[in-house]
Amino acid sequence: MTGALQTRPPSRPARGLDPGTVAAPPPQRRAPVRENPLPTTGPHAPLFAVLGAHGGAGTSTLARWWAPAADTGLAWPASPRTTQQVVIAARLCIPGLTAAADRLREWHAGLAPDGVSLLGLVLTAARPGATPAAVRRYASTVTDLVPQVYRIGWHDELVVRELDELASYAPFDPAPPRRSRLTDTVPADVHRVGADLISRLAVTRTEALPPTRDDQEHQI
């Protein structure tokens, strides 16, 4: 079964709500912090980190699928030596959404490390078939806490593949054929999410660059 991508209109990485308006999760439910730089497993340093809201959120699979990503496990990336652009990952189930809400509230409350920027929330199907109504209702509440939401469906082939067998998406890769094995290409929904994340990062990078001399002369 293939999955579908659901996004909202493109936006800049969120800067967070007013911390005074957000109820932070209690200390025992907050994420740890990773002080060490993120690993570089490919030819380039990672562009963004995948943070699991809970165990089993699929961070290792997502980071394998997206070549520019790094798996930061359950911990916020605190080192400025590697990227602090973060995608939160969770399973599309009540426990997964509850954990995702904790991470989102924690970030909005200003409890994530300095420098962390939130790109969005990735919800991965917890089972094949339709999402139960109760989960859909709760998801609509949790996703109000984040400006960009991505959904990735259930892919049966994952249960028979080792992580290092999976293909990866790199920027500018063409869209995969309609039917292909996970050893040859990433799924179509994974490709679309990866392409959207890279596009948003490119916009963010452009906005962060200092103005050129031509820009300054034009402003004058």
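**Exercise 1. How many bridges join S2 to strand S3, and which way do the two strands run?**

Solution. This is a predicted model: local features need pLDDT of at least 70, side-chain atom pairs count only at pLDDT 80 or more, and totals for chains, interfaces and linings use all residues. Residues are numbered from 1 along each chain as its sequence is written, and side-chain values use heavy atoms, without hydrogens and water.

- Step 1. Locate the strands: S2 is residues 48-52, and S3 is residues 69-71. Strands (E, at least two residues) and helices (H or I, at least four) are DSSP runs, numbered from the N terminus.
- Step 2. Count: 3 bridges join S2 and S3, and they run parallel. Two strands pair if DSSP finds at least two bridges between them.
- Step 3. Find a partner: Phe 48 bridges to Ala 69 in S3.

**Exercise 2. Find the other pairing of S2 described here, with strand S5.**

Solution. 

- Step 1. S5 spans residues 85-92.
- Step 2. S2 and S5 run parallel, joined by 4 bridges.
- Step 3. Opposite Ala 49 stands Val 86 of S5.

**Exercise 3. Are the residues of S2 buried or exposed?**

Solution. 

- Step 1. Apply the cut-offs: buried is under 20% relative accessible area, exposed over 50%, partly exposed in between (1.4 Å probe, protein chains only).
- Step 2. Count: 5 of the 5 residues in S2 are buried.
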